Structures are given as structure tokens and as C-alpha cells.
Amino acid sequence: MTLALAVDISLALLVLAVAGWIIAVRDTFAAVVGFVAYGLLLGLIWVRLAAPDVALTEAAIGGGLTGALLIGAAARVRKTETAARAEYPGTLIRTLAAILAVTVAAVLALGILALPDPAPTLAPAVAASLATTEVGNPVTAVLLAFRAMDTLLEAIVVLLALIGVWSLTPDRVWGGYPGPRRPVDPDGVLAWLARLLAPIGIIVGLYIFWIGADLPGGKFQGATILAAMWLLVIGAGLADTPPVSRIWLRILLVTGPLVFIAIGFAGAITAGAVLAYPEGYAKPLIVAIEIALMPTLVLTLALLVAGAPQRLPPQ
Amino acid sequence: MSLVLDMFTIIAVLAGAFFFLAGTVGLLRFPDTLARLHALTKADNLGLGLVVMGLLPQAEWPLDAFKLIAIWLFALLAGATVGQLMARTARRGRTTS
């Protein structure tokens with residue numbers, strides 16, 4: 001047995017063990033912590049599968065952002081958790097749920113094991129057509145040229161999620177500031193970290209965004225890092241969340257998808273198909289879409305974590 | 001020469017792994033939050049530091065080497081800050097265990 005195989009097997013076993021533990025553990029908060037670790041381990045597995053793009057996204061979105069969302073949710077339900085436990089479903093329901101989950105997993109496993117060898121793939125087609133997009137990273141080419149529709153819908157889905165979060169706002173504070181007011185301690189260790197880390201983090205985020213055209217990286221991963229830096233500054237009390245009634249905020253939130261849709265429909269006229277790019281203009285148009293999507297994604301992801309407005313709007 | 005460097009890598013990474021192991025044992029065995037934090041930060045600082053130091057001769061000079069050192073510095077920064085915050089919360093008597 002080679003060393004690499006040993007690492008792979010222990011990673012797989014570890015992921016399975018963490019997944020089992022997340023299901024078995026009683027405390028919601030502990031389950032969330034387990035979920036974050038699970039996301040990071042999955043990221044490592046994607047690295048082992050030579051898919052650094054997926055690994056970055058899994059670590060940033062799956063582990064980091066979703067983890068932050070779930071920690072917020074766990075903190076919210078903590079007060080009512082014991083009361084909710086009284087309404088725990090009975091053994092029959094839980095057994096049925098377990099059978100359903102195991103069946104789904106088994107069907108998925110069968111589907112994957114039954115794939116012909118070699119598995120059907122479009123990778124050679126992508127590699128052959130990569131040059132027409134002038135983008136160096138095949139993943140970016142798939143996301144923004146060959147399957148641009150998926151990415152467009154993804155960008156709209158996160159926006160819809162934010163609207164869903166905002167719709168939970170009590171009427172009284174509609175248009176107000178999301179999240180609680182953070183205590184300001186200008187000499188505190190968190191404020192110090194925010195001052196030191198935010199400039200570096202912004203550069204790293206922009207770098208990962210920009211490098212996505214040619215190497216693993218891209219707007220989602222970069223936007224998550226930028227959103228995290230913004231949330232760090234907000235969490236340290238050095239800045240406040242913008243009131244959701246701000247016009248500039250709403251314009252930026254819809255700019256990304258609108259630019260994407262506009263360029264997509266322009267493709268119907270100039271290139272003969274919706275979301276197609278005219279010859280020779282693929283790279284600049286892809287970059288334009290990415291740049292337009294970037295602020296939208298940063299704001300959406302950060303405001304998703306910040307939550308529904310809790311404080312009165314400015315007079 | 002490369003044999004010496006490889007030996008250095010193996011020894012340093014093993015030493016780093018030892019500190020991670022010791023940190024994990026401390027995390028599981030130490031009695032209270034502050035002592036557990038103490039064990040954990042040792043793993044971050046020394047363990048990761050030794051692993052990075054061991055990997056430096058294997059990394060491509062200069063970019064990859066600088067990235068490795070930067071990763072260690074960021075882990076130091078994050079570990080020290082979060083350790084402070086958790087210790088402060090623990091001293092205020094909220095549950096952190």
C-alpha cells in the first residue's frame with residue numbers, strides 16, 4: 001500500500017466518521033462545529049482528487065460561509081432548543097427517515113459504481129474549445145462560457161436567499177441595520193486583528209478573484225474572503241452594516257445579475273444565441289461579468305451572514 | 001546535499017507532528033479552558049512552524065516558500081487572537097467548554 005493511498009483511505013474514513021458524528025451528536029452547536037470540520041476535510045479530499053477549484057469553493061463556501069450561517073442559526077435556536085426537543089419525532093419516524101436516507105445514499109452509490117469505465121466526460125470537448133474563450137482556467141471557461149446559464153442562476157439564487165432573509169424583518173425595523181450593534185473596543189484584540197488582517201485579506205481576495213481566469217480561483221472564492229474581511233471589521237465594531245433601505249446597496253445587489261443577463265441577451269443578437277459571446281470578445285465579456293458580479297456577491301454573502309435588520313433605520 | 005535536506009524535512013515535520021499530537025492530547029486531557037487553550041496554541045505555533053520549516057527546502061524558491069511562511073504567520077495571528085478572545089470569554093464565566 002502506498003503512502004498516498006493510506007492518506008486517501010484515512011481521509012475518507014475521517015470524513016465518514018465526522019459525518020456520522022454530526023448526525024449522532026445531540027447538541028446543535030457541536031453538530032455545527034463538526035460540519036465546519038467536515039467541510040474542511042471535504043476540501044482536502046477535493047485537493048487529493050486534483051480539483052483545487054472545487055476544494056477552494058468547498059473550504060470557503062461549504063466550510064466557512066455555511067459554517068458562519070449555521071453558527072448564527074444555532075445561537076438563535078439555543079433558547080428554544082430544550083422545548084423543541086420535547087417534540088422530538090418518535091422511533092418509527094426516525095427509523096423511516098434513516099431508511100430513506102440510507103436508500104438514497106445506496107442508490108447514489110450504485111449509480112456511481114455502475115458508471116462505465118471510462119466514465120462519460122465532456123472534458124476533451126472543453127479542452128478542445130478552451131482556446132475560443134481565451135480563458136486559461138478550464139473551470140472558469142465552463143462556469144462562464146459553456147455553462148454560463150448555471151452560474152447566472154446561481155448568482156440569482158444567492159440574491160433570492162438574501163431577500164428571503166430580509167423578509168423575516170419585523171415591520172418596525174424594516175429598512176434598518178442588519179444584526180446587533182457591536183460593542184466598540186478600539187484597543188481590543190478583535191479591533192486590532194481587523195485593522196491588521198483586513199488590508200491583507202482584501203488583497204488576497206482580489207488576487208484569488210483575478211487569478212481565476214487562468215488558475216484555480218474565481219469570484220465566489222474571492223468574494224467569500226472579501227465578505228469575511230468586511231464581517232470581521234463589522235464584528236470588531238469598526239464599521240456598521242449598511243441599512244437595507246440604502247439605494248446604493250440595492251443597486252449594487254442587482255448590478256451583477258443584471259449585467260450578466262444584459263450581456264447574455266446581447267449574445268442573442270451579436271452571437272446568435274442567448275449567453276453566447278461574439279467571436280474575439282469572449283474574454284473581455286467574461287471579465288466584465290465577473291467584475292460586475294463581484295460586489296454583488298460580496299454584499300450578498302456578507303449580508304446573508306449579518307441577517308435580517310434588527311435596528312431602526314436612520315431618520 | 002539533497003539527502004541532508006530530505007533528512008532535515010523528515011525530522012522537522014516529525015517534530016511538528018509531535019507538537020500537534022501533544023496539543024491534541026492536552027486539548028483532550030487538560031482540566032479547564034485556559035489550560036486547553038494553552039495546549040492548543042502550542043500545536044499551532046510550534047507544530048505548524050516546524051512543519052513549515054521542514055517543508056521549506058522542498059518548496060520552490062522564492063514564491064512557494066514565501067507562501068508557506070505567510071500561511072504560518074496567518075495561523076499564528078489567528079491562533080493568538082482567537083485564543084485571547086476565548087480566554088477572555090472563559091474568564092467572564094460564560095460556558096465555553
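Reader: What percentage of the residues of chain A count as buried?

Author: Happy to start there. Bear in mind that this is a predicted model. Of the 315 residues in chain A, 29% count as buried. The C-alpha atoms of this chain fill a box of roughly 55 × 55 × 40 Å along the principal axes.

Reader: How many residues of helix α6 of chain A are buried?

Author: Burial can be read helix by helix too. Helix α6 of chain A, residues 123–133, is hardly covered, with one buried residue among its 11. After α6(A) comes A:Glu134, whose phi is positive, near 65°.

Reader: How do I read a helix pair, and at what angle do α8 and α12 of chain A cross?

Author: Look at the axes, then at the residues between them. Helix α8 (residues 148–166) and helix α12 (residues 282–306) of chain A have axes that come within 10 Å and cross at roughly 35°. Their crossing is left-handed. On the α8(A) side, the contact is made by A:Ala155, A:Val158, A:Leu159, A:Ala161, A:Leu162 and A:Val165. The α12(A) side brings A:Leu293, A:Thr296, A:Thr300, A:Leu303 and A:Leu304.

Reader: Why would residues three or four places apart point the same way?

Author: An α-helix has 3.6 residues a turn, so residues at that spacing point the same way. By class, the contact of α8(A) with α12(A) has nine nonpolar, two polar and no charged residues.

Reader: Which way does α1 of chain B run against α2 of chain B, roughly parallel or antiparallel?

Author: Again, the angle is the place to look. The axes of α1 (residues 2–29) and α2 (residues 33–55) of chain B come within 8 Å and cross at roughly 170°. Because of that angle, α1(B) is roughly antiparallel to α2(B). The crossing of α1(B) and α2(B) is left-handed, and their contact has 16 nonpolar, seven polar and two charged residues.

Reader: How many residues does each chain give to the contact between chains A and B?

Author: Four residues come from chain B and four from chain A. The chain B side that touches chain A has two nonpolar, two polar and no charged residues.

Terms used
Residues are numbered from 1 along each chain as its sequence is written. Chains are lettered from A and ligands numbered from 1 in the order in which they are written. This is a predicted model: local features need pLDDT of at least 70, side-chain atom pairs count only at pLDDT 80 or more; totals for chains, interfaces and linings use all residues. Two residues are in contact if their C-beta atoms, placed from the backbone, lie within 7 Å. Ala, Val, Leu, Ile, Met, Phe, Trp, Tyr, Cys and Pro count as nonpolar, Asp, Glu, Lys and Arg as charged, and the others, Gly among them, as polar. Axes are lines fitted to C-alpha atoms, for helices over the stretch in contact, and angles run from 0 to 180 degrees between N-to-C directions. Helices (H or I, at least four residues) and strands (E, at least two) are DSSP runs, numbered from the N terminus. A crossing is left-handed if the near helix is turned anticlockwise from the far one by less than a right angle, and right-handed if clockwise. A residue is buried if 20 or more other C-beta atoms lie within 10 Å of its own, exposed if 12 or fewer, and partly exposed in between; C-beta atoms are placed from the backbone. Angles under 35 degrees count as roughly parallel, over 145 as roughly antiparallel, 65 to 115 as roughly perpendicular and the rest as oblique.
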